[in-house]
Amino acid sequence: YHSELALWGDTVAKRPENARARVNLGIALVESGRISEAIAQYEAAIRIQPENAIAHLNLCGAFTRLGRLAEAVGQGETAVRLDPRNANARINLGLALVALGRAGEAVPHYEEALRLEPEAADAYANLGAALLQLGRTAEAVAHYQTAVRLEPGRAQTWCDLALARAQQGVQAASRRAGEHALLLR
């Protein structure tokens with residue numbers, strides 16, 4: 001096999017009732033930018049195995065990417081219900097909630113994700129974004145700072161930190177974070 005897409009596509013062709021193969025094909029399709037096709041694979045996996053939390057959390061992420069936010073929230077809530085200890089399910093649900101303008105509802109999901117995985121840089125960054133939307137700038141800055149400490153190569157987090165520092169009126173820190181982001185791009 002020359003790619004994950006080919007491997008999982010062949011597996012699904014040979015074993016169409018294999019939910020795990022459909023989820024993995026969906027992941028490969030997302031990585032190829034073929035979100036609508038990935039959604040079809042996640043939905044097929046859920047028809048085969050309705051309690052598959054991974055299929056629901058990936059479907060949540062795919063719906064979010066397409067702006068189908070109400071559907072994303074529904075899938076994220078299902079994923080969290082099925083596997084409440086899955087930090088990624090909480091992160092995906094939080095992303096959909098924030099995109100819907102429901103940042104306050106996303107915060108507890110991000111906090112729980114961090115309790116489950118204390119080194120999850122994306123959870124810190126996403127919590128920072130939710131807190132910034134809520135006007136809790138100092139808290140947002142602290143979470144962005146933790147995110148860039150854990151994963152210093154994420155340009156977007158440095159950009160977000162620069163914006164938050166500018167909102168605080170700390171122009172020198174904002175400029176430094178912005179310059180760091182530019183170096184990474």
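1. A word on naming before we start: helices here are DSSP runs of H or I with at least four residues, numbered from the N terminus. In those terms, N52 sits in the loop between α3 (35-48) and α4. Please keep in mind throughout that this is a predicted model.

2. Is N52 buried or exposed? With a relative accessible area of 11%, N52 counts as buried, because the cut-off for that class is under 20%. Leaving aside residues up to four places away in sequence, N52 touches A19, V23 and L82.

3. The side chain of N52 is worth a look for its polar contacts. That side chain reaches the backbone nitrogen of A55 at 2.9 Å, and the backbone nitrogen of I54 at 3.1 Å.

4. Next, α6 (87-99). This helix has 13 residues and spans 18 Å from its first C-alpha to its last, close to the 18 Å expected at 1.5 Å a residue. At its start, a side-chain oxygen of N86 comes to within 2.9 Å of the backbone nitrogen of N88. After α6 comes G101, with a positive phi near 85°.

5. How much of α6 is covered? Most of it: 10 of the 13 residues are buried, among them R90, N92 and L97. The buried residues of α6 pack against α4, α5 (69-82), α7 (103-116) and α8 (121-133).

6. Now the largest pocket, which holds about 220 Å³ of space. Helices α2 (19-31), α4 (53-65) and α6 each give two or more residues to its lining. The largest share, 6 residues, is from α4. Lining residues include I27, Y42, L57, R65, N92 and L95.

7. Last, A155, which is placed in helix α10 (residues 155-168). A155 is buried, at 13% relative accessible area. Not counting residues up to four places away in sequence, A155 touches A181, L184 and R185. A155 and L182 are 27 residues apart in sequence, yet 7.3 Å apart in space, C-alpha to C-alpha.

Notes. Residues numbered from 1 in each chain as written. Predicted model: local features only at pLDDT ≥ 70, side-chain atom pairs only at ≥ 80, totals over all residues. Heavy atoms only, no water. 1 Å grid on protein atoms, 1.4 Å probe; cavity = no way out; pocket = protein on both sides within 12 Å on 5 of 7 lines; lining within 4 Å. Points joined across faces, edges and corners; volume = space filled by probe spheres on them. Expected span 1.5 Å × (residues − 1). Buried < 20%, exposed > 50% of the residue type's maximum accessible area, 1.4 Å probe, protein only. Contact = heavy atoms within 4.5 Å. Polar contact = N/O pair within 3.5 Å; in protein donor to acceptor, adjacent residues only side chain to side chain.
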